[in-house]
Amino acid sequence: MTTLEVRDLVKDFSIRSGLRHSRFRAVDNVSFTLTPGRTVALVGESGSGKSTVARMIARLERPTAGRITATRSDGTRVADRDYRDHVQMVFQDPFASLNPFHTVEHHLARPLKLHGRAKTREETRRLAEELLERVNLTPAADIARRRPHELSGGQRQRVAIARALAPGARVVIADEPVSMLDVSIRLGVLNLLARLQREDDLAVLYITHDLATARHFSDDILVMYRGRVVERGPADEVILNPRHPYTKILAAAAPNPDARDRDRLREALGLEPAGNSTLPGDDPGCTFRDRCPSATDVCARMPEDFEVGYDHYAKCWLRPGEGRDALPAADGTAAGRPA
Ligand SMILES: Nc1ncnc2c1ncn2[C@@H]1O[C@H](COP(=O)(O)OP(=O)(O)O)[C@@H](O)[C@H]1O
Ligand SMILES: [Mg+2]
């Protein structure tokens with residue numbers, strides 16, 4: 001069992017526009033812990049920095065600052081040479097993450113052999129087929145011989161999941177694992193991830209912009225906005241009782257049959273996908289204030305993480321019982337908003 005700790009993670013990208021060089025802070029002081037058997041969902045609109053966090057955890061990108069540590073249950077730190085086996089990614093596009101020239105078996109055999117889990121050819125084949133059965137790809141012997149283009153999108157993603165398990169993954173980072181799949185098969189793949197997590201006691205980071213599945217499949221939710229985690233807490237709490245104005249808008253805009261007015265609300269609040277126009281790292285205040293329906297002068301200062309419930313935090317000056325806690329509710333009503 002492995003716990004993954006992310007502390008004060010920062011990522012700056014340098015961007016060039018004409019002759020000018022500037023820095024853009026894509027991830028700004030993000031901290032969280034992934035523990036065995038639990039799923040943390042990282043939600044937020046496109047461009048909020050979710051994949052950059054994932055790529056730093058997967059060591060595909062070097063952090064500008066901060067720490068990422070994997071620790072075994074006996075308290076020892078996972079050594080660098082074992083880190084990549086322990087921490088596995090499942091990407092959004094299974095087609096791009098599989099090699100078109102290689103069979104399914106080849107994809108699984110490599111990590112099995114590299115990590116010393118299989119010595120002989122027979123053993124490798126047996127373990128590969130076992131993995132395919134675990135991800136419900138049967139008959140395994142038949143699937144093992146196919147190449148990626150001979151599989152459906154859902155089957156390809158199941159192969160990608162099996163490959164993540166092959167080196168003995170303890171931590172799985174799933175970056176929008178079903179957003180490119182047909183709507184009708186998404187739930188099957190998410191249920192598979194949930195079952196594997198229970199069986200193997202995996203620590204999972206589930207990245208999505210879909211609040212409904214975030215709530216259903218995770219224990220805790222982190223809401224990211226322009227590089228910062230603006231709200232965090234138990235999944236039900238964050239979705240049913242959102243406290244940050246941004247989360248309220250996200251929850252109100254989520255597909256929900258009760259939220260009849262959500263589109264109008266979205267429009268009224270001017271909620272458009274965030275661009276790269278601001279540099280959050282250079283902004284001393286709340287990054288949401290230019291879009292926030294409740295912003296006041298105090299928002300020019302950076303809010304801290306206020307505790308708004310049990311294990312529930314929001315990076316917002318608005319607090320319960322202070323009279324201005326009157327933003328549109330999750331169901332899209334604007335009840336209680338000051339005139
Ligand atoms: N290599 C890069 N160079 C410059 N900017 C980048 C790079 N990778 C990502 N970004 C920028 O960082 C921000 C966060 O991107 P990303 O982490 O992919 O967001 P998300 O996954 O939430 O959609 C975006 O504005 C994106 O354009
Ligand atoms: Mg992304």
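At what angle do the axes of helix H7 (residues 153-165) and helix H8 (residues 183-200) cross? The close-ups below take up this and other details of a predicted model.

**View 1. Helices H7 and H8 cross at roughly 15°.** The two axes come within 10 Å of each other. Because angles under 35 degrees count as roughly parallel, H7 is roughly parallel to H8. The crossing in which H7 passes H8 is right-handed. From H7, the residues that make the contact are Gly-154, Gln-157, Arg-158, Ile-161 and Leu-165. Facing them from H8 are Ile-185, Gly-188, Val-189, Leu-192, Leu-193, Leu-196 and Asp-200. If you sort the residues of this contact by type, you will find 7 nonpolar, 3 polar and 2 charged.

**View 2. Tyr-225 and Phe-288 form an edge-to-face pair.** This is one of the 4 aromatic pairs that the structure holds. The ring centres of Tyr-225 and Phe-288 are 5.0 Å apart, and their planes stand at 85°, so the pair is edge-to-face. Look for Tyr-225 in strand S8 (residues 220-225) and for Phe-288 in the loop between helix H12 (262-268) and strand S10 (306-309). The pair therefore ties together parts that are 63 residues apart in sequence. Tyr-225 and Phe-288 are both buried.

**View 3. Phe-288 also pairs with Tyr-246.** Here the ring centres of Tyr-246 and Phe-288 lie 5.4 Å apart, with the planes at 65°, so this pair too is edge-to-face. Tyr-246 sits in helix H11, whereas Phe-288 belongs to the loop between H12 and S10. The pair thus links distant parts of the chain, 42 residues apart. With a relative accessible area of 0%, Tyr-246 is buried. Phe-288 is buried as well, at 1%.

**View 4. Three aromatic residues come together in one cluster.** Its members are Tyr-225, Tyr-246 and Phe-288. Phe-288 takes part in the pair with Tyr-225 and in the pair with Tyr-246. For your bearings, Tyr-225 comes from strand S8, and Tyr-246 comes from helix H11.

**View 5. Ala-251 is a buried residue of helix H11.** Helix H11 spans residues 245-253. Why does Ala-251 count as buried? Its relative accessibility is 8%, and buried means under 20%.

Notes: Residues are numbered from 1 along each chain as its sequence is written. Chains are lettered from A and ligands numbered from 1 in the order in which they are written. This is a predicted model: local features need pLDDT of at least 70, side-chain atom pairs count only at pLDDT 80 or more; totals for chains, interfaces and linings use all residues. Side-chain values use heavy atoms; hydrogens and water are left out. Axes are lines fitted to C-alpha atoms, for helices over the stretch in contact, and angles run from 0 to 180 degrees between N-to-C directions. Helices (H or I, at least four residues) and strands (E, at least two) are DSSP runs, numbered from the N terminus. Angles under 35 degrees count as roughly parallel, over 145 as roughly antiparallel, 65 to 115 as roughly perpendicular and the rest as oblique. A crossing is left-handed if the near helix is turned anticlockwise from the far one by less than a right angle, and right-handed if clockwise. Contact means heavy atoms within 4.5 Å. Ala, Val, Leu, Ile, Met, Phe, Trp, Tyr, Cys and Pro count as nonpolar, Asp, Glu, Lys and Arg as charged, and the others, Gly among them, as polar. Buried means under 20% relative accessible area, exposed over 50%, partly exposed in between (1.4 Å probe, protein chains only). Rings of Phe, Tyr and Trp (its six-membered ring) pair if their centres lie within 6.5 Å; planes under 30 degrees apart count as stacked, over 60 as edge-to-face and the rest as tilted.
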